[in-house]
Amino acid sequence: MITISKLSKGFGGRMLFEEIEVGFKPGHNYGLTGPNGCGKSTLMKIMIGLEEADSGRVSKPKRVGYLRQDQGTFDHLRALDVVIMGNERLWGAIQAKEEIYARGEYTDADNDALGELECVVAEEDGYAAEAEAARLLSGLGVAEAFHEQPLSLLQGGLKVRVLVAQALFGTPEALLLDEPTNHLDLESIQWLEEFLLEYDGVLVVISHDRRFLNAVCTDIADIDYQTVIVYPGNYDEMVRTKAQIRSRVEKENAAKDKKIEQLQDFISRFAAGTRASQTRSRAKQIEKLRPDEVKRSNIARPFIRFPVTQRSGKDVVSTKGLEKTFERTIFSNLNLDFHRGDKVAILGRNGIGKTTLLSTLCGDYQPTAGSVVWGHETRIGVFRQEHRHEIEPGTTVFEWLFNHRPEVGQEQVRSILGRMLFSGPDGAKPTATLSGGEAARLMMCKLILMEYNVLLFDEPTAHLDLESISALREAFEAYEGTLFYVTHDRDLAEAATRILAYTDETVLLDYRGPIDEYLAWTQKKAS
């Protein structure tokens with residue numbers, strides 16, 4: 001059980017949450033949700049003990065697993081040891097034993113200490129620790145060849161997988177996971193989902209992967225109105241419940257307003273007459289009937305649509321003998337043809353070359369060999385993974401967007417900004433102060449404004465909240481042009497009509513069908 005009592009926390013002159021009272025029970029999987037900047041990660045850090053609250057307290061079990069963000073701390077250790085460190089009691093006993101053994105000669109006190117340490121190792125099932133650590137690593141897609149390697153030799157995505165395994169190791173009584181799926185491929189996410197569904201402790205997870213939350217969570221702890229409100233069910237059920245509650249309150253308020261209007265009419269007609277006592281009674285009724293305040297919900301979904309005013313030709317792009325090599329060959333002899341209306345999801349683990357492929361297609365990288373030929377009337381818009389530098393500082397949100405296509409007029413630009421949650425004064429916000437999510441939405445505003453008939457997206461969900469990701473999927477499904485996108489988000493991948501997937505370091509599989517058919521095909525092939 002994790003219990004939060006009267007907890008308050010402010011940041012940068014703004015109150016994130018105030019006097020929170022909430023409990024997380026064993027056997028329940030909680031998704032911690034809310035828009036970017038609401039304090040999800042801050043609250044999790046307070047629960048872990050990495051950050052102090054302004055007031056209040058958190059009580060939690062002795063053994064808590066959590067996803068660490070400080071990858072570099074473990075660079076000198078082999079991957080198996082990093083995982084075993086997830087059980088602090090076991091790891092401490094192993095280290096203490098090694099220190100005693102390193103002395104060479106043992107005193108009676110050393111022998112006594114070794115006996116006690118052996119008991120700790122036995123109690124924590126330490127003799128099977130390496131086998132369990134290896135199972136976790138393999139399940140998360142870390143090949144056996146890397147298990148004995150120091151973490152410094154692993155790429156960033158693999159390091160994160162090792163740290164996820166560390167959090168899961170040793171049967172912790174509570175698990176606190178902040179974006180655990182960020183660097184996992186689809187197979188590893190499926191494995192993690194199955195693992196967490198079997199977990200019987202307290203799970204609290206932050207994720208922008210809607211499908212993952214729906215698959216794993218039994219409850220949603222939503223940060224809203226400067227507090228945490230727990231809803232039974234998964235994320236989609238929480239959204240429906242919030243909407244129903246709001247609708248009910250609005251209907252009740254409308255009925256109260258109508259009744260108040262009737263009472264006020266009575267008072268205005270009879271206040272000066274012989275029915276003064278009745279008018280006083282009506283006035284008291286009005287006080288009791290004051291409508292409940294309907295606060296602004298934290299669920300705000302942009303309306304995203306990428307219009308196409310001029311269609312491309314039927315043949316959009318083809319590659320002939322395409323190859324790209326850096327220190328290793330990323331892909332070679334790639335012969336592909338794409339046609340108008342194709343929606344192509346590019347899948348594979350981190351670091352394997354998805355961004356390189358997309359960058360070669362759009363011309364950011366020159367191929368080592370072969371060619372990329374774009375078809376007739378293609379107009380290409382690109383959402384790069386590192387796009388912040390494309391938004392110049394020293395201007396405002398409105399000015400930056402307007403200057404890309406001033407001929408459409410200010411009203412059209414403000415309309416696009418409003419649909420993307422830059423309403424009213426937000427248009428005057430300096431571009432240098434934009435958050436990651438705001439910068440991503442502004443880049444999408446540009447793609448909407450320019451009306452491209454081919455769009456390329458590299459990890460577009462990285463800085464978006466759940467509602468923005470849902471809106472983006474709807475936009476992908478509605479888009480009438482040709483679409484290429486790199487993603488790890490299963491929900492977003494379901495908008496694709498064609499899959500390009502890395503099956504190993506250099507081989508790209510071209511599957512002409514949706515993600516569900518592709519996954520079923522790969523599972524059947526593996527069996």
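A residue is called buried when its relative accessible area is under 20%, exposed when over 50%, and partly exposed in between (1.4 Å probe, protein chains only). At 1% relative accessibility, R161 therefore counts as buried. The model is predicted: local features need pLDDT of at least 70, side-chain atom pairs count only at pLDDT 80 or more, and totals for chains, interfaces and linings use all residues. Residues are numbered from 1 along each chain as its sequence is written, and side-chain values use heavy atoms, with hydrogens and water left out.

R161 lies in helix α6 (residues 156–168). Helices (H or I, at least four residues) and strands (E, at least two) are DSSP runs, numbered from the N terminus. Contact means heavy atoms within 4.5 Å. Not counting residues up to four places away in sequence, R161 touches L140, G141, V142, H183, L184, D185, S188 and R349.

S188 also takes part in the packing of helix α5 on helix α7. Helix α5 spans residues 129–139 and helix α7 residues 186–198; they pack at about 130 degrees, with axes 9 Å apart. Axes are lines fitted to C-alpha atoms, for helices over the stretch in contact, and angles run from 0 to 180 degrees between N-to-C directions. The two helices are therefore oblique to each other. Angles under 35 degrees count as roughly parallel, over 145 as roughly antiparallel, 65 to 115 as roughly perpendicular, and the rest as oblique. R135, L136 and G139 of α5 meet S188, W191 and F195 of α7. Three of these contact residues are nonpolar, two polar and one charged.

The protein has 17 helices and 18 strands. Of its 527 residues, 49% are buried. Among contacts between residues at least 6 apart in sequence, 69% join residues at least 24 apart.

A nonpolar core is a set of buried Ala, Val, Leu, Ile, Met, Phe, Trp, Tyr and Cys residues joined through side-chain atoms within 4.5 Å. The largest has 55 residues, and V162, L168 and L196 have the most contacts inside it. Helix α6 supplies the largest share of this core, eight residues. Leaving aside neighbours within four places in sequence, L196 contacts N29, L168, L175, L177, L203, F212 and V216. Another core lies apart from the largest one; its 50 residues include L186, I304, I448 and I469.

Helix α1 (residues 40–48) is largely enclosed by the rest of the structure, because seven of its nine residues are buried. These are K40, T42, L43, M44, I46, M47 and I48. Just after α1, G49 takes a positive phi of about 105 degrees.

Terms used. Nonpolar A, V, L, I, M, F, W, Y, C, P; charged D, E, K, R; others polar.
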